[in-house]
Each structure stands twice: as C-alpha cells, then as structure tokens.
Amino acid sequence: MKKNTLLMVIGIIFVALGAILLVSGRKDPHRRPTSKERSAATNTTPSRVPAHYQTAPAQASLAPTLPPEQFTGKTREAYRVVREIPQTIAQLPCYCYCDEGHGHKSLYSCFEDNHAAHCAVCVQEALLAHKLEKEQRLNASQIRERIVGAFGSSNH
C-alpha cells in the first residue's frame with residue numbers, strides 16, 4: 001500500500017512539473033519582451049527597424065492626428081510637434097513595435113489615434129525628433145539614424 005501511494009505521489013509530481021514546463025514555455029503573442037529579453041536579442045542578432053517611410057509622403061496623404069488640446073503635459077507637446085513636422089515624423093520608425101501589433105506604418109501613425117497617449121516611447125521619439133530638427137537642423141534621414149541608435153538598442 002505504501003509503495004502504491006509513493007508511486008502515485010511521484011506521478012503527480014511529474015505531471016505537475018510537466019504542466020509547469022509546458023505553461024512557462026508558451027509565448028503570448030501580445031506580450032512585449034522584457035528589457036532583458038530585448039538585450040539578449042540585440043546581443044545575438046541585429047535589431048529590427050520598425051516600419052517607416054523612406055521618403056517624405058505627401059502631407060495630403062497623411063491622416064489627421066488627434067488635437068493636442070485633448071492631452072496634457074509631454075503628451076500634449078508630442079501631439080503638437082507631430083502636427084508641426086508630420087513628414088519628418090512619418091519617416092521615423094516607432095520602437096514600441098506597433099507596426100506589428102497595430103499595423104502602424106510609422107511613428108506618425110501613433111498620433112492618428114490615442115495610441116501615443118498611452119506610450120512613453122512614442123512621445124519620447126516625437127519630442128526627440130522635433131528637438132533634433134529644430135535645434136540641430138538635422139534632416140529626416142539623420143534623425144532616423146539617431147532614433148534607431150537611441151531606441152533600437154537596449155539603452156532605452
């Protein structure tokens with residue numbers, strides 16, 4: 001009797017361990033990678049540059065962004081600068097990787113709805129792009145290089 005009970009307990013332990021391994025190995029397609037996972041990925045393979053326009057799209061082809069007045073603080077400022085330099089922003093990738101999950105075509109897409117209002121990466125990129133264009137007089141290609149360097153690595 002003791003032998004049967006012991007075998008049953010061992011069997012339950014193995015089943016439980018198998019279940020734990022199975023669940024922990026499963027990947028959630030909507031989960032964003034942790035900074036440690038992104039860092040490991042950057043050390044083994046080059047980082048993917050998210051979607052963006054290579055050249056400036058016609059301003060008329062861009063959908064309108066939400067009014068900055070709907071927001072406060074840095075978010076309001078980001079929506080404002082996107083309206084000020086829309087063609088530059090459209091030529092930038094967004095490193096929250098919303099091109100995969102939301103089908104965004106560039107950083108500009110994040111400001112067509114309230115996506116950027118809930119994403120610090122979108123806001124930071126837009127504010128940096130504006131600063132680089134206005135203060136350092138960089139063009140969109142140069143700004144993109146800086147964005148890729150700053151946000152495409154594990155440094156952010």
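Reader: Is threonine 75 buried or exposed?

Author: Threonine 75 counts as buried, because its relative accessibility is 17% and the cut-off for buried is under 20%.

Reader: And which residues does threonine 75 touch, not counting those up to four places away in sequence?

Author: On that count, threonine 75 touches Ala117 and Val123.

Reader: How accessible is glutamate 77, then?

Author: Glutamate 77 is partly exposed, with a relative accessible area of 32%. Arginine 80 also counts as partly exposed, at 33% relative accessibility.

Reader: How many salt bridges does a search of the whole structure find?

Author: The search finds six. One of them pairs arginine 48 with aspartate 99, the closest N and O atoms being 2.9 Å apart.

Reader: Why does that pair tie together parts that are 51 residues apart in sequence?

Author: Because arginine 48 lies in the loop between α2 (35-44) and α3, whereas aspartate 99 is in helix α5, residues 98-101. Aspartate 99 counts as buried at 17% relative accessibility, while arginine 48 is partly exposed at 35%.

Reader: What about arginine 48 and glutamate 100?

Author: Their side chains also meet in a salt bridge, at 3.1 Å from N to O. That pair links distant parts of the chain, 52 residues apart, with glutamate 100 in helix α5. Glutamate 100 is exposed, having a relative accessible area of 59%.

Reader: Changing topic, where does arginine 137 lie?

Author: Arginine 137 lies in the loop between α6 (120-135) and α7 (140-151). At 65% relative accessibility, arginine 137 counts as exposed, since the cut-off for exposed is over 50%. Leaving aside neighbours within four places in sequence, arginine 137 is in contact with Leu132 and Gln142.

Reader: Finally, what is the mean pLDDT of the protein?

Author: The mean pLDDT is 83, and 69% of the residues reach 70 or more.

Reader: And where does pLDDT stay under 50?

Author: Residues 35-45 are one such stretch, with nine contacts beyond four places in sequence. Residues 26-31 also stay under 50, and the model has one such contact for them. Where pLDDT is low, the predicted coordinates should not be read in detail.

Terms used
Residues are numbered from 1 along each chain as its sequence is written. This is a predicted model: local features need pLDDT of at least 70, side-chain atom pairs count only at pLDDT 80 or more; totals for chains, interfaces and linings use all residues. Side-chain values use heavy atoms; hydrogens and water are left out. Helices (H or I, at least four residues) and strands (E, at least two) are DSSP runs, numbered from the N terminus. Buried means under 20% relative accessible area, exposed over 50%, partly exposed in between (1.4 Å probe, protein chains only). Contact means heavy atoms within 4.5 Å. pLDDT is the predictor's confidence in each residue, from 0 to 100. A salt bridge is a side-chain nitrogen of Lys or Arg within 4 Å of a carboxyl oxygen of Asp or Glu.
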